[in-house]
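Keep the 3D view open as you read.

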Amino acid sequence: MFELIGVPPQALFGQLLLGLINGAFYALLSLGLAVIFGLMNVINFTHGAQYMMGAFCSWMLLQYFGIPFWGALVLAPIIVGATGIIIERVFISRLYHLDHLYGLLLTFGLALIIEGLFRQQYGSSGLPYTNPIPGGTNLGFMFLPWYRGFIVVFSLVVCLGTWFMIEKTKLGSYLRAATERPDLVQAFGINVPRMITLTYGFGVALAALAGVLAAPIYSVNPVMGSYLIIVVFAVVVIGGMGSILGSILTGFGLGVVEGLTKVFYPEASNTVIFIIMAIVLMLRPQGLFGTPK
Amino acid sequence: METRGNQQTLLVFAILVALGLVAPLAVYPVFLMKVLCFALFACAFNLLIGYVGLLSFGHAMFFGFAAYISGYSVKVLGWPTEVGILAGTAVAAALGLVAGAIAIRRQGIYFAMVTLALSQMVFFFCLQAKFTGGEDGIQAIPRRPLLGFINIANDFVFYYVVLAIFCIGFLIIWRTIHSPFGQVLKAIRENEPRAISLGYAVDRFKLIAFVLSAALAGLAGATKAIVFQLASLTDVTWQMSGEVVLMTLVGGMGTVFGPIVGAGIIITMQNYLAGFGEWVLVIQGAIFVVTVLLFRRGIVGEIMALAQYLQRRSRPAPMHGATQQSPAE
């Protein structure tokens, strides 16, 4: 095969695939953040911890109940989503009448509590989770492990499903209406507070789903969420939280850019997303898909 | 009313300074220096959230990076201590200029996310750069005599130097918020579109406030590096940014003395809980949650609100609009 600017294609496509996988996580997490922010005006700082909870939940289901990956893929988001609903009812719902910054501070505190509890219980070294679909196929220019391919396809399906639900269904139209004018929607007899609660639960479930998907490729680890969430915040700033499709596109796109940076200039691979964020803020402060307020 | 408020503030400040002067007789001076460094850090942070309404979630980048600069210039370049501290402060101000110019393009929640992301970028830079010593940090930074004759190797002597540095920083902040410049900042906090329509170059005011806050956070970090003779990655992490938010929140955002009280409480707590491992994180998180839900004004803010309430009850006819003033006064 050909060489690209001195880079062997194996390495190039390998990193591209890794980039797509990271992008899948960015997309799932920023989608959840955007859905929550749209309706509640709260930036959910607990999102990273809830992603970590998803991974741990999946590990526990296997360890203590013998439930395999496929069961966890359904159960873990439901369980973690339910804890999210409790958090919304007990804590976050008390802050809607206040400055949105308090929501950020509250969810930051909750993230510290959750991360601290898991670190206390499981240490920070990480627990292994076996690959549910071992093996792979040789595509000629690269080796594709089945599970990694599955992550990319599956998360794309979930993202597009979410987009379809919000943009094209009746339920989604209620949601979009409540985002614009919650008071009017309430006046039409729709239970907006309950809708907010369920939306928060749904956003949290998306984070947990990403955690379940991440468990077999990254080790299950109490600090796995806190670093990821900061990158996802940058992704959200770059994309702007105005559009669902925009979040998905930005997530996957930045994952790929990060992967390419690992090939061509590895020193910057940790920082490239933050640099892009700075450039976007200078040129288009509202974000690539955001609308100026 | 305003002058009386100022007199009260100065009185409290004088009492605090007097307490600070005798404190090392009772308490270990290194602990007190740590409290003072973090109190200055929190006051610098409070300048932004309390008086401009900007929540920076990345102030550790100024604190930690200034620590590296002062440590490196004193230990490796062999610069005098006072020059090292000033160099750290200057670099933090320059970093604040760049970070501020980027971050003030967004408001509210986005501002918090942008500052957090920028500080994470500085964290990765410090992790990879050669001069920071990576995971080890810069260790055994010498405490050479300050200005050539003040023996800061002695903890007692150094404590009074740190107290002086803190007072200078505090008075700069106090002067800033009571200047016409500070009034404009408050106007921006209360109603930004209105400030714009009155002809103020809002972005420039915000940027100057941001740079000032970054420089003072840098002064705190640079001093801390000399106190502990160590500059490490801990000081640039997002956890450190979270801690300074917590100190200010607990003490009272937008109050003059709140950050000092908050820093004292949180540092004392960390000191006592050092043996409990990860529980410190859980307890800090719990304090966040409890404070946000139950007493958002913080300790000093609640005390001031109570005092105002009692004052109003004892004098039933408020003459001027003074009672409506925010605790920020």
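## Chain A as a whole

In chain A, 49% of the 293 residues are buried. Keep in mind that this is a predicted model. Chain A is built from eleven helices and two strands. Starting at the N terminus, its elements follow the order α-α-α-α-β-β-α-α-α-α-α-α-α. The radius of gyration of chain A is 19 Å, close to the 19 Å that the globule rule gives for 293 residues, so chain A is as compact as a globular protein of that length. Along the principal axes, the C-alpha atoms of chain A fill a box of roughly 65 × 50 × 35 Å. Among the contacts in chain A with a separation of 6 or more, 76% join residues 24 or more positions apart.

## Where the chains meet

How many residues does the contact take from chain B and from chain A? Chain B gives 35 residues and chain A gives 33 residues. On the side of chain B that touches chain A, the elements giving two or more residues are helix 5 (108-128), helix 10 (238-251) and helix 12 (279-294) of chain B. Helix 5 of chain B gives the most, with 14 residues. Sorted by class, this side of chain B has 24 nonpolar, seven polar and four charged residues.

Two packed helices are described by the angle between their axes and the distance between the axes. The table lists these values for two pairs.

| Pair in chain B | Angle | Axes |
|---|---|---|
| Helix 3 (residues 60-75) and helix 5 | roughly 25° | within 9 Å |
| Helix 3 and helix 9 (residues 202-228) | about 50° | 7 Å apart |

The angle of about 50° makes helix 3 of chain B oblique to helix 9 of chain B. Helix 3 of chain B passes helix 9 of chain B in a right-handed crossing. The residues in this contact include B:Phe62, B:Gly64 and B:Val74 of helix 3 of chain B, and B:Ala214, B:Gly218 and B:Lys224 of helix 9 of chain B. By class, the contact of helix 3 with helix 9 of chain B has twelve nonpolar, five polar and one charged.

What about helix 5 of chain B? Angles under 35 degrees count as roughly parallel, and helix 3 of chain B and helix 5 of chain B are therefore roughly parallel to each other. Helix 3 of chain B passes helix 5 of chain B in a left-handed crossing. Among the residues making the contact are B:Phe65 and B:Tyr68 of helix 3 of chain B, and B:Leu118 and B:Val122 of helix 5 of chain B. This contact divides into seven nonpolar, two polar and no charged residues.

Methods: Residues are numbered from 1 along each chain as its sequence is written. Chains are lettered from A and ligands numbered from 1 in the order in which they are written. This is a predicted model: local features need pLDDT of at least 70, side-chain atom pairs count only at pLDDT 80 or more; totals for chains, interfaces and linings use all residues. Two residues are in contact if their C-beta atoms, placed from the backbone, lie within 7 Å. Helices (H or I, at least four residues) and strands (E, at least two) are DSSP runs, numbered from the N terminus. Ala, Val, Leu, Ile, Met, Phe, Trp, Tyr, Cys and Pro count as nonpolar, Asp, Glu, Lys and Arg as charged, and the others, Gly among them, as polar. Axes are lines fitted to C-alpha atoms, for helices over the stretch in contact, and angles run from 0 to 180 degrees between N-to-C directions. Angles under 35 degrees count as roughly parallel, over 145 as roughly antiparallel, 65 to 115 as roughly perpendicular and the rest as oblique. A crossing is left-handed if the near helix is turned anticlockwise from the far one by less than a right angle, and right-handed if clockwise. The radius of gyration is taken over C-alpha atoms; the globule rule is 2.2 Å times the number of residues to the power 0.38. A residue is buried if 20 or more other C-beta atoms lie within 10 Å of its own, exposed if 12 or fewer, and partly exposed in between; C-beta atoms are placed from the backbone.
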